[in-house]
Amino acid sequence: MIYDAVILGSGLGGLQCAYILAKNGMSVCVLEKNANSGGCLASFKRKNEEFDTGFHYVGALGKGQILERIFSYFGLMELPWHQLDCNGFDEIVIGDKSFRLSCGYDGFAQTLSDVFPSQSKQISAYSSFLKDVGSKITDPLLKPGDGFFTVNRLLSQNAWEYLQTNISDPLLRNILSGNSLKLELKKESLPLYTFAQINSSYIQSAWRLKGSGSMIADSLVGSIRAMGGDVFMSSEVTEIVEKDGRAEHLTVKDKKSGECRKIFGRHFISNLSPELTLSLVKESKCIRPVFRRRILNLNQTYGFFTVNIKLKEGKIPYFNRNFYCYSPDLDSVWDIAEQADMGKIKGILISQQVPSGPDCRYATHLDILAPMSYSEVREWEGTTPGTRPAEYREFKARKAEECIQMANNCISGLKDAVETCYTSTPLTYQYYTGAIRGTAYGIRKDCNNLLQTLLAPRTPIPNLLLTGQNLNLHGVLGVSITSLMTCSEILEKRALVSFLE
Ligand SMILES: Cc1cc2nc3c(=O)[nH]c(=O)nc-3n(C[C@H](O)[C@H](O)[C@H](O)COP(=O)(O)OP(=O)(O)OC[C@H]3O[C@@H](n4cnc5c(N)ncnc54)[C@H](O)[C@@H]3O)c2cc1C
């Protein structure tokens, strides 16, 4: 059989592409190396407790907001979404000072202006700017000419410089950037577009799932199968085979039996990182060495050290918001990535699961995420989960203690409320999702070097496309927009994105 489209990887991007193409009448096949679908969205279970990996909350899911419109298309609004507190969806704790961010552009500006009355004009201009950028997120899909112009202008602008110029109070700058551990703050390179678009979406409204992120993947897999598509787990793509200037088939290894088979397709979409994708194209007339070098030389955003905690019952209240806690000796939250490069934990994100037990006043599970550089775990490269040496486990235990201590400064009593905890490092992510050096958000886009760092879905092989967080924007919203961009290379764009108009 020759499928109309074969998709490598079942991360959010891969599943959404399969869904779109199946919905448009194409025969699709998704190949996933792991036993479960979802990539970063996949959860894991220990002793019957379920923990999230790369999913904590999303923005813009309120009625008529951008992710709500996209998720309605994918049938994902049926899931049990739970809105975070509009009067404070995120709380930024810097030393002994604490600030809550409110939802809605006006509410956001008003709350901060109450604390910084002398800065109210700047705050209000900043909020209007975010609103404007947010309203343009679909421009590249709906109005290619003008749309690309605005986006490119913001992509080539430096986010740090924008904040320096437009917000004069350094503490206020820290607060406005304080919930940006969900992107990598790099003073020299972060595009204003990435910073503004992601922050804008969460200000519109912020949501958790009552359950784990894998519900998103499970729903998409169910829909793809219901539309006649195939989704194969434990199926690792080991080669993309080119013939006569086109991708012809994939070699796929069944991880349970060890057997290999060929899967043929007319179009191929890779949800894997571009580096991993290219490593699978062993012989090619289309891909020149200069393109391979360009991809191999790309920098990756940082990874995370994560602590997944099962809490003792009735000890820690459920907070309907996230905490971003920073060490008091940190000058700027924009120094976090640099500090992580030196092995230091100076800022963490704390997120709780919505309680599902009988007493909803108390949290049952809590995750701590701290940016981390791959260099800290490089010495254990090549080892696999379950076989890693005692030193690695000791290293993780020390890090976990540091994270819990820091979180305890934000949520008092946390240290004594830990029943069990599990940890992961960039090595874990690299092993499970194939993320290069365990990067959390994929390729580092550089506002000074967009031509090299911003990739389009097209590759030098005409029927091999890319999708996922390494292109355009990362995160659930960014990946969803990119899925539409990737599929619009195959389907008629206007018809495909008409539901966004
Ligand atoms: C710790 C962490 C926390 C995050 N928190 C949030 C959050 O709260 N909100 C948010 O919006 N975003 C969050 N993100 C980002 C978000 O999870 C990602 O941007 C998004 O899920 C990435 O999706 P993707 O489609 O690009 O691919 P991925 O999820 O990376 O999926 C790639 C898939 O390809 C598979 N694969 C790899 N190699 C092969 C092969 N050879 N053959 C077959 N399959 C293969 C992998 O197993 C995987 O399933 C977080 C990320 C991390 C790491």
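**Questions on a predicted model**

Modeller: Phe264 sits in strand β13, residues 260-270. The model is a predicted one.

Colleague: Why is Phe264 called partly exposed?

Modeller: Phe264 has 15 C-beta neighbours inside 10 Å. Buried requires 20 or more, and exposed requires 12 or fewer. The count of 15 falls in between, so Phe264 counts as partly exposed.

Colleague: Which residues does Phe264 touch, leaving aside those up to four places away in sequence?

Modeller: Phe264 is in contact with Ile2, Tyr3, Glu248 and His249. As for Met1, its C-alpha lies 6.9 Å from that of Phe264, although 263 residues separate the two in sequence.

Colleague: His249 is on that list. What stands opposite His249 in the strand pairing?

Modeller: Val241 is opposite His249, which belongs to β12.

Colleague: How do you know that β11 and β12 pair?

Modeller: Eight bridges join β11 to β12 (residues 246-254). Pairing asks for at least two bridges, so the eight found here qualify β11 and β12 as a pair. The two strands run antiparallel. Their hairpin has two residues between the strands, and Asp244 takes a positive phi near 50 degrees there.

Colleague: What makes β7 and β8 a pair?

Modeller: β7 (residues 90-94) and β8 share five bridges in the antiparallel sense. With at least two bridges required, five are enough, so β7 and β8 are paired.

Colleague: Which sheet holds β7 and β8, and in what order do its strands come?

Modeller: An open sheet of seven strands, ordered β8-β7-β15-β16-β17-β14-β18, with mixed pairing.

Colleague: Why are β8 and β18 called edge strands?

Modeller: β8 (97-101) and β18 (418-424) each pair on one side only. Neighbouring strands of this sheet are turned by 20 degrees against each other on average, direction ignored.

Colleague: Is Leu112 buried or exposed, and what makes it so?

Modeller: Leu112 has 24 C-beta neighbours inside 10 Å. Since buried means 20 or more, Leu112 counts as buried. Leu112 is part of helix α3, residues 105-115. Its C-alpha is separated by 9.3 Å from that of Leu176, 64 residues away along the chain.

Colleague: Which residues of helix α2 are buried?

Modeller: In α2 (residues 66-73) they are Ile66, Leu67, Glu68, Ile70 and Phe71. These buried residues pack against β5 (58-59), α9 (192-204) and α18. After α2 comes Gly75, with a positive phi near 70 degrees.

Colleague: Which residues have the most contacts inside the largest nonpolar core?

Modeller: Ile7, Ala18, Leu21, Val28, Ile224 and Ile348, in a core of 139 residues. Helix α1 supplies the largest share of this core, eight residues. Beyond four places in sequence, the contacts of Ile7 include Ala18, Val28 and Ile269.

Colleague: Which residues come nearest to the ligand?

Modeller: Gly9, Gly11, Gly13, Gly39 and Gly468, out of 39 residues around the ligand. Among the elements that give two or more residues to this shell are α1 (12-23), β14 (303-311) and α18 (475-487).

Colleague: How many residues of the shell are nonpolar, polar and charged?

Modeller: There are 18 nonpolar, 17 polar and four charged residues in the shell.

Conventions:
Residues are numbered from 1 along each chain as its sequence is written. This is a predicted model: local features need pLDDT of at least 70, side-chain atom pairs count only at pLDDT 80 or more; totals for chains, interfaces and linings use all residues. Helices (H or I, at least four residues) and strands (E, at least two) are DSSP runs, numbered from the N terminus. Axes are lines fitted to C-alpha atoms, for helices over the stretch in contact, and angles run from 0 to 180 degrees between N-to-C directions. A residue is near a molecule or strand if its C-beta atom, placed from the backbone, lies within 6 Å of it. Ala, Val, Leu, Ile, Met, Phe, Trp, Tyr, Cys and Pro count as nonpolar, Asp, Glu, Lys and Arg as charged, and the others, Gly among them, as polar. Two residues are in contact if their C-beta atoms, placed from the backbone, lie within 7 Å. A nonpolar core is a set of buried Ala, Val, Leu, Ile, Met, Phe, Trp, Tyr and Cys residues joined through C-beta atoms within 7 Å.
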